[in-house]
Amino acid sequence: MDLPPFETHRVENQPPEFVPGNLWTNDTALRDAVAREGGAAFTGQLSAYGALAGDELYALSFDAHRDRPRLRTHDRFGQRIDRVEFHPAYHRLMGAAIEHGVAGLSWTAAEPGAHVARAALSYLHHQVEPGTSCPLTMTHAAIPVLRREPALAEWATKAAAPHYDPREVPIADKAGITLGMGMTEKQGGSDVRANTTRAEPLATEGEYTLVGHKWFMSAPMSDGFLVLAQAPGGLTCLLLPRVLSDGRRNACRLMRLKDKLGDWSNASSEVEFCGAWARRIGEEGRGVATILEMVMLTRLDCMLGSAAQMRMALAHALHHLRHRHAFGRALLDQPLMRNVLADLALEAEAAIALALHVARAIEQADTDPLAVAVARIGTAVGKYWVCKRAPAFVNEAQECLGGAGYVEESLLPRLYRQAPLNSIWEGSGNVQCLDVLRALAREPGHGRALWRWLESTDAVAGADGEVAAILEAVLAGGKDVPELHARLLVESLALAMQAAVLQQAAHPLADVFQRNRIGRRLGGAYGTLADARDVDALLARVAG
């Protein structure tokens, strides 16, 4: 067909819009992992949320990121209000997530598999809007801690409820609430024992006033915050409401919002406590122990978040390669591009397989010794490895799109900015590795349980002899690992655990993973699979 006068080109050889689509039904790896780990009873809920996320929520996410949160410290009359304002899209995203159970399903559903289903919901949500995952994760993780305090029963119940209410009113006037955290101080960072914020007891048992400063307080628009402060008995965990029961604003001043590399839809703040009222959670001096219980859950969500970023980046790359042609054929048919995409698919599948296996272990940790070990060690190991792999993964997916993957109209730049966050949040890579060493030293039974599992599944079969020897010596023999070599141990253990999950399930890609991740050293970049049959098997699974 001839072009109209003065028109210089046709728009051709371009992919159609990525959405709408169902992020659940389009993801074989996720569906299989949910069924394998006991979450099949929730398939209907997951499919419904996959459809919502892959259409309306995906579209809303662009406005939520483009129009970043704004801090208003004072109103027009000069009165202090300390309010963070968001685009309406942010509130719709939060409402959809909470109403569908992203924050509360683990604690409200009676059926087995609720933790796995909640993890899958979080994975689906994070693919399209990672910024809102921060308050959702912290709300989810705080609920079991709050449930142990009879005085905080209302907080626990409303945090788990499927209702979102962003109003600044006392929680008695709300059907549902959200929670944030304030742990980090500028002089301590991950070393929270160096915190200097003071908690002075009041006359009423369990009540305190807080004076101090937090360098990072996540989600400052939440209804309450779990914070660490130095009480007379030592470092203590406390719940600090944003609005007091009589409707007055608590003495928590928002100093500024952090100007972050990414995560633009979410607010992170620097705050001062100026005699703020708070209630103790647990005993004085047991703040770290209280927080560590939550950290297992928040680290799981870091792993899920990075796995979700991998999946979304892979889906965009696949969508582009299917519809784009170069040198006479579709990019998806080019041998080297097929290798890259297949290698990404293998990484993404192993990531969600491990994450959902850990979610199941957390649910079963009260009854199964192996589950206890997987939950305790696997959250740190998986958080380290999956989160470390995400930035390079997203960058490789960008390259599949060429220059289009570097343009903001694509989702890939947002994913690329987001990708490093999960390796930093909830403890950096070194903190995770040191935590693994500490856990294995204090609870050697965890190591022995993991080794029996790895051996029974042949997860280390064909591994480098030195690596296999290190794993056996440390896990089965209780041998100490020099701190200098902690990353080597954790990386090796992460790969072995991923292999074990796939082998145990007789997964169709178990042998492919064994050959390409265990049987030989990883290549320096994605796209280094050695066998064309492995490439074909991976692409048949991910591309159909």
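This is a predicted model: local features need pLDDT of at least 70, side-chain atom pairs count only at pLDDT 80 or more; totals for chains, interfaces and linings use all residues.
For residues 181–273, the unreviewed UniProt entry lists "domain: Acyl-CoA oxidase/dehydrogenase middle". That span has 0% helix and 52% strand. Its end C-alpha atoms lie 14 Å apart. For residues 13–166, the unreviewed entry has "domain: Adaptive response protein AidB N-terminal". Here the figures are 56% helix and 7% strand, with 45 Å between the end C-alpha atoms.

Domain 1 runs over 28–160, domain 2 over 177–286, and domain 3 over 289–543.

I'll take domain 1 against domain 3. Their centres, over C-alpha atoms, are 24 Å apart. Domain 1 puts 36 residues into the contact, and domain 3 puts in 34 residues. How much area is buried between domain 1 and domain 3? About 3000 Å². Carbon and sulfur atoms give 63% of that. Which residues of domain 1 lose the most area to domain 3? Arg36, Glu37 and Tyr123. Together they make up 22% of what the domain 1 side buries.

Next, the polar side of this interface. Between domain 1 and domain 3 there are 14 residue pairs in polar contact, counting pairs with both residues at pLDDT 80 or more. Which elements give two or more residues to the domain 1 side? Four helices: H1 (28–36), H2 (43–66), H5 (114–128) and H6 (133–147). H5 gives the largest share, 11 residues. By type, the domain 1 side divides into 21 nonpolar, 10 polar and 5 charged residues.

Salt bridges, then. The count between domain 1 and domain 3 is 4. Look at arginine 118 and aspartate 301 on the screen. Their side chains form a salt bridge, at 2.7 Å from N to O.

Over the structure, the count is 37 salt bridges. One more to pick out: aspartate 82 with arginine 249, at 3.1 Å from N to O.

Two backbone points to finish. From valine 19 to proline 20 the bond is cis, with omega near 5 degrees. Proline 20 lies in the segment before H1. Aspartate 263 has a positive phi, about 55 degrees, although it is not a glycine. Where is aspartate 263 found? In the loop between strand E8 (252–257) and strand E9 (268–281).

To recap the interface: about 3000 Å² buried between domain 1 and domain 3, 4 salt bridges, and H5 with the largest share of the domain 1 side.

Key:
Residues are numbered from 1 along each chain as its sequence is written. Side-chain values use heavy atoms; hydrogens and water are left out. Domain bounds come from an automatic or database domain assignment. Contact means heavy atoms within 4.5 Å. Buried area is the accessible area (1.4 Å probe) that two parts lose on being put together, summed over both. A polar contact is a pair of N or O atoms within 3.5 Å; within protein, one must be able to donate a hydrogen and the other to accept it, and residues adjacent in sequence count only if both atoms are side-chain atoms. Ala, Val, Leu, Ile, Met, Phe, Trp, Tyr, Cys and Pro count as nonpolar, Asp, Glu, Lys and Arg as charged, and the others, Gly among them, as polar. UniProt positions are given in the numbering used here, feature names are shortened, and annotations may be inferred rather than shown by experiment.
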